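Colleague: I would like to learn how to read a fold and the packing of its helices. Could you take me through an example?

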Amino acid sequence: MYERDLQALVRGLRSDAAKKNEAKFIAEVVDEIRKEITSKDMDIKGGAVCKLTYLDMLGYDMSWASFHVVEVMSSPHFHLKTGGYLAAAQSFDENTDTCRQDMASGSHPEISAALNCLAHILTPELARDLALDIIPMLNHSRPLIRKRAILVLYKMMLLDSDALDRGFNKLREKLEDPDVGVVSAAVNALCELSRREPQRCLVLAPYLFNLLTNSSNNWMLIKIVKLFGALTPYEPRLVRKLQPPLTDLISTTPAISLLYECVRTCIIGGMFQGSSGSSLARTCVQKLAAFLENPDQNLKYIALLALVKIVPSHPHLVAEHQRLVLGSVSDNDMSIRMRALDLLSAMVNRQTLQHVVQHLLSHLSPESTSGPSQSAVQALSQAISGVAPSVTPPNLSTPYRLDVARRVLEMCSRDHYDNVEDFEWYLSVLVDLSYVARVPIGEEIRDQFLDVVTRVRSVRPFAVRLMAKFLQDGVPDADSEGCVEVYWAAAWTCGEYCSNLLGPLETAFKLLEEESTHLPPTVLAVYMSSAMKMIGYWASDLTVKWDEIRLADVQQNVNKLILQVSGFVDSPHLEVQERAATFGQLLQFMKADLAAYGEARAPTADPEGPNFPKSLQLIHPLSNTFELNAVAPEAQGKVRFPEGLDLDTDIVPLAVRAPPELTGKAPTKVKRRKKKDLPDRVLEIQEQHSESSPISQRGALTTEVHGPDDLDSIPIVALDGLLLGPAEPQPSSRAARPTVVTQGEMPDEPATQSQSTQPPISLSSEPVQSPGPIPVVRSKKNAKGKHRKTAGQATG
């Protein structure tokens, strides 16, 4: 039978035929292996196990051959045994049964192979049962066996706490082993254990310090430094002890990996305190700054991470290398740019804020792609920062641009704008950010702009002029990426502080242009109210310097405003429509008053009255009566609750409601209740009605109430005064009475009243002299089937 060896298998897999139908080829190979692995020839069986191991690396299952792997592991031939242990280490899991006879073998290669396999297939049960067999191997005469026994013991310690208690002291002894490989293995195991139980490893500090000062193995020194980094938070006295050797290592070692681990240990261990700590911090910052100039992207990344952690304690040292940090913001690697932004946000202060913000704004501004020429903003930014221009500008995605814009806002507003020395500069930054951000951050810019304007009184004139120019630039297109919410802030600022506007009329015209109609309704609503404030201030200002020759111009401007506002009255948004309608009516009133003033100003001028149209002072007092001041968020909770204020009681009692004739609503059927369950107010009204009703006194209309449960007879009283305000007294011989409707129904023919002076219900506030009809109730059947009395017409 032809036997395909491992090399033939690899060549077959790489052939064109196998690539076309790999599944078929693998199936044929597995069938061959199944036949070979049952052979009594150990060489053939070992070759089959090697081929299965290779297929297992490619992802094909070989768990069905576990017994045959154990057979190969038990072979007396070492070249077969190593292949078997390799297959076991790769394919065995916690459910696979194994034997431990080779660990007691006298051949150290067999012991080594057995330990290597055991480290891969170890389970908690095996760790508990084999710990006592592994610990004596730490004293084996062969360094190879001692190293492998240390690594297996570490795996056992992770799975069994008893193994940790039994073998920890043995691991400590191995730190003084004469073989460097054994010491390195012990340090590696202890370094990993210190992550789980650092306090247990504090007793190792003297041994580790001796290794730190005497060893020249860089990889072992890295592990020792890491181990000290885990121990220093639990033993502060180690800080002073470690500062000299770590400073010496940082200054002299050429190994970058060891250098970074030393810097990282100094950071997490808090070794930058005191005079010696300051010199150590300066040394670390200088070494990390050298990483930023290295072309290796990994070194730049870890340097930025470390500098972010040094900034809180030594910001002045990091600020010395601000140029390098700003240069990292323009790196093509997104991860480096994000870490550079973290560092800039942490290191910014009053002295560096403006420089950093201007650099970030220029970073967000669109890059020129037409050629090597640069814009003035880019050239100025590069001249200030000293950073060479990037050959290929980085790709600024929308999430990244949003993150940069938010970091600018956070840096400036931190601690209630503690870093901002010039608020006029900051307002300009907010406007510039709205232009270059090109991300949905308008709400945050708007809120910060209004916060500064309302809090800082001295900056309001500049803010008004800035926003007036912003409004004159025009609104963005409907499909643009502009921050339209900033137009909300611009209109509100110009309207609220319109006395600082150089041309309030021109700004109002700009707000009411047709191009503003595609803005969101929330912005349009503010446009309407702000334009009304500006016109009110403009009209009021005319009264100070009024001249008759201005009348024609004022009328022309008012007519133009009316025409512009009329375009917003038909807006589909209710708030915009309501404000536009109100503004339009005020302008119509001004128009009529100006016309009347123009007709009668010469012959009928009142020498004691104002010499200008009174309507010019109509709008301005509506918005400037009280000044709007900033209020702290928790200020409302400190306002004392007024005494006597009752917000729970109904203004109009439930029993006193308008009749359906006034409300336009159908009468609601009330569920009958017993008289004792009725509210006191209802009973009181019912009694007053029964005593004072003119119908019952004259006997023209009578209504029988059978029992206390008949609530249909409870009257519904319409109080004209509650709905229409106080009315003038009526010239009548008797006191005015409210109209009583007991059921809300009328007979087929309306009732008339010849002698009554009761006026009809009217929505007009003027007194009505003509009497009206009295509502009459149809008859109903009582419980005995008899009809109640029915009134045809009211008689006196």
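Modeller: Gladly, starting with the whole chain, which is a predicted model. The protein has 35 helices and two strands, and 42% of its 796 residues count as buried.

Colleague: What share of the contacts with a separation of 6 or more comes from residues 24 or more positions apart?

Modeller: Such residues account for 69% of those contacts in the protein. As for the surface, its accessible area comes to about 43,800 Å², and 52% of this belongs to carbon and sulfur atoms.

Colleague: How should I describe a pair of helices, and how do α11 and α13 cross?

Modeller: Two packed helices are described by the angle between their axes and by the distance between those axes. Here the axes of α11 (residues 180-196) and α13 (residues 218-231) come within 9 Å and cross at roughly 25°. Because angles under 35 degrees count as roughly parallel, α11 is roughly parallel to α13, and the crossing of the two is left-handed.

Colleague: Which residues of α11 and α13 meet?

Modeller: From α11 the contact includes Val 183, Val 187, Leu 190 and Cys 191, and from α13 it includes Met 220, Ile 224, Leu 227 and Ala 230. The residues of this contact divide into eight nonpolar, three polar and four charged.

Colleague: Is Ser 328 buried or exposed?

Modeller: Ser 328, which lies in helix α19 (residues 322-329), has a relative accessible area of 5% and is therefore buried, the cut-off being under 20%. Leaving aside neighbours within four places in sequence, Ser 328 is in contact with Leu 292, Leu 304, Ile 336, Arg 337 and Ala 340.

Key
Residues are numbered from 1 along each chain as its sequence is written. This is a predicted model: local features need pLDDT of at least 70, side-chain atom pairs count only at pLDDT 80 or more; totals for chains, interfaces and linings use all residues. Side-chain values use heavy atoms; hydrogens and water are left out. Axes are lines fitted to C-alpha atoms, for helices over the stretch in contact, and angles run from 0 to 180 degrees between N-to-C directions. Helices (H or I, at least four residues) and strands (E, at least two) are DSSP runs, numbered from the N terminus. Angles under 35 degrees count as roughly parallel, over 145 as roughly antiparallel, 65 to 115 as roughly perpendicular and the rest as oblique. A crossing is left-handed if the near helix is turned anticlockwise from the far one by less than a right angle, and right-handed if clockwise. Contact means heavy atoms within 4.5 Å. Ala, Val, Leu, Ile, Met, Phe, Trp, Tyr, Cys and Pro count as nonpolar, Asp, Glu, Lys and Arg as charged, and the others, Gly among them, as polar. Buried means under 20% relative accessible area, exposed over 50%, partly exposed in between (1.4 Å probe, protein chains only). Accessible areas come from the Shrake-Rupley method with a 1.4 Å probe; for residues, only the protein chains shown count as cover.
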